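Trainee: Could you take me through this structure? I would like to begin with the charged side chains and then move to other topics.

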Amino acid sequence: MPEAFSARRMGVRALAVVLVLALGMTIGVGAAKPLKGKWVQTKEQLIVSLQVICKPETRAVSLTDDTFSFKCTAAADSQDYELTFDLREEIDSLKSSCEPAGKGEVCILIKREPHWFDRLSADPNALKPHVKQDFSFHSGEEDSGDPEEGAEHYEGTLVGVIASTAKLNKTLEANELVFLDVSYPWCAKCTNAKEKFAEAARAMRKEAKFFYVDAREAREVRQRFPANCEYTCVFYASRRGEAPHKVQFKYIFEDFLKALRVYSRPLLTTLGSEAEAAAFVKSNPLSVVGNFESNQSKGFEAFIGAASDVRGEDIPFGVHYAKGSARVRLHKTDEEPFMDYAAPEEASVESLARFVKVNRFPLLIKYEFELKDKLDPLNLPSLRFWSNAAAAAQEAPAEAVLKD
């Protein structure tokens, strides 16, 4: 029996069996008939009870993260029955299951995001009149619903609303840069982030377009731009010709705006001459410049891939087309002018991206909380020197020793 069936869930299941016994079913012969049933919910589960005793060999259950399908032939009359529909929101299909119980079937579906569903199916009419919600069921949990604020949150702002895939595609085609808030209207964890998103729409009104997508309603959009309900709020940046990128919200508005503006520049800047390349490096102290004969040159595809991989790191990439051997150079500071990647013709996206991520840092850097999040995933060997206020006067000599 799956782990999803905890002691508590077994208690819910027993209640679901009672629901099954209370149901009626029309009997007949012919094409598959719709199954009748009821459903109830807790904050973590959906319990669907169906009135049918199946011939075991005919049970066909198909659960995906956003679809439900149950088919079988009834043991009593050999009639085929079926219930298939799109779920309102996603479930964890690997932890969900259907099992015979009493005089019917009980399906326990584990919600992907624990909260109260406003209905079971994506289409409000898909289950009428066959499967109804049993409002007499009480889960014992205090909440019976979630306050919702979707598009209303952005009323009076420069954030528009996208409600369909067709409108999304048209929007992305018509605009060079689009930022998306794809979120659930019942999730209140990112209220502050939404306010800053609206502020950013005002600040960047000449640079990009900003839109909100109701992840519950715009089903196909949600599949392209996944949503969740976490305190680490995430938005999407979609620049024409590029794959979408996630942009994590930053609580200081200036930092958040800076993270968004990274996408205002192209993924790759074409540098027409050595002079343009020099000017590019001068205006971007931390940058990467690749020299290739053409965009068909060996290693160029990995160069583009690495640029996309580090897109959100605020490291501009430029390319200069000229005859000669390929070269990828990471430009840093006057103290550490540049570093060259060995054998760029043989580079992979992963190795080149790691070269940039690892070597972007100076030899000596002040250790801060945000830096930890960047360094730890790289598994870099490092020496961390801790000093207190009393040692402040020794800081300069200590830096000299560490650099040596």
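Predicted model: local features only at pLDDT ≥ 70, side-chain atom pairs only at ≥ 80, totals over all residues.

Trainee: Which side chain does Glu82 meet in a salt bridge?

Mentor: The side chain of Glu82 meets that of Lys71, with 3.8 Å from N to O. This pair links distant parts of the chain: Glu82 is in strand 6 (residues 80–86), Lys71 is in strand 5 (residues 67–73), and the two are 11 residues apart.

Trainee: And is Lys71 buried or partly exposed?

Mentor: Lys71 is partly exposed, because its relative accessibility is 36%.

Trainee: What lets such side chains pair at all?

Mentor: Side chains of opposite charge can pair when their charged atoms come close.

Trainee: How many salt bridges does the structure hold?

Mentor: The structure holds 21 salt bridges. Another one of them brings together the side chains of Glu217 and Arg88, at 2.9 Å from N to O.

Trainee: Buried or partly exposed: what is Arg88, and what is Glu217?

Mentor: Arg88 is buried, because its relative accessible area is 3%. Glu217 has a relative accessible area of 45%, so Glu217 is partly exposed.

Trainee: New topic: disulfides. What sort of bond is a disulfide?

Mentor: A disulfide is a covalent bond between the sulfur atoms of two cysteines.

Trainee: How many disulfides are counted here?

Mentor: The count comes to 4 disulfides. If the bonded cysteines are counted along the chain, the pattern is 1-2, 3-4, 5-7, 6-8.

Trainee: Let us take Cys98. Which cysteine is joined to Cys98?

Mentor: Cys98 is joined to Cys107, with 2.0 Å from S to S. The torsion about their S-S bond is about 110°, so this disulfide is right-handed. Cys98 counts as buried because its relative accessibility is 9%. Cys107 is buried too, with a relative accessible area of 0%.

Trainee: And what about Cys187?

Mentor: A disulfide joins Cys187 to Cys229, again with a stated S to S distance of 2.0 Å. The torsion about that S-S bond is about 85°, so the link is right-handed. The pair links distant parts of the chain, 42 residues apart: Cys187 is in the loop between strand 11 (177–183) and helix 3 (191–203), and Cys229 is in the loop between helix 4 (219–224) and strand 13 (234–239). Both Cys187 and Cys229 are buried.

Trainee: Is the link of Cys190 and Cys233 left-handed or right-handed?

Mentor: The link of Cys190 and Cys233 is left-handed, with -100° about the S-S bond. Cys190 is in the loop between strand 11 and helix 3, and Cys233 is in the loop between helix 4 and strand 13, 43 residues apart. Cys190 counts as buried because its relative accessibility is 13%. Cys233 is buried, with a relative accessible area of 6%.

Trainee: Last topic, the surface. Which residues form a negative patch?

Mentor: Glu254, Asp255, Glu368, Glu370 and Asp373 form a negative surface patch. Helix 5 (253–261) and helix 9 (369–375) are the elements that give two or more residues to this patch.

Trainee: Where does Glu368 lie?

Mentor: Glu368 lies in the loop between helix 8 (349–359) and helix 9. Glu368 counts as partly exposed because its relative accessibility is 46%.

Methods: Residues numbered from 1 in each chain as written. Heavy atoms only, no water. Patch = residues over 30% accessible without salt bridge, like charges linked within 9 Å, V, L, I, M, F, W, Y side chains within 5 Å. Areas by Shrake-Rupley, 256 points an atom, 1.4 Å probe, with all protein chains shown as cover. Salt bridge = Lys/Arg side-chain N within 4 Å of Asp/Glu carboxyl O. Lys, Arg positive; Asp, Glu negative; His and termini not counted. Charge placed at Lys NZ, Arg CZ, Asp CG, Glu CD. Helix = DSSP H or I, 4+ residues; strand = E, 2+ residues; numbered from the N terminus. Buried < 20%, exposed > 50% of the residue type's maximum accessible area, 1.4 Å probe, protein only. Disulfide = S-S within 2.5 Å.
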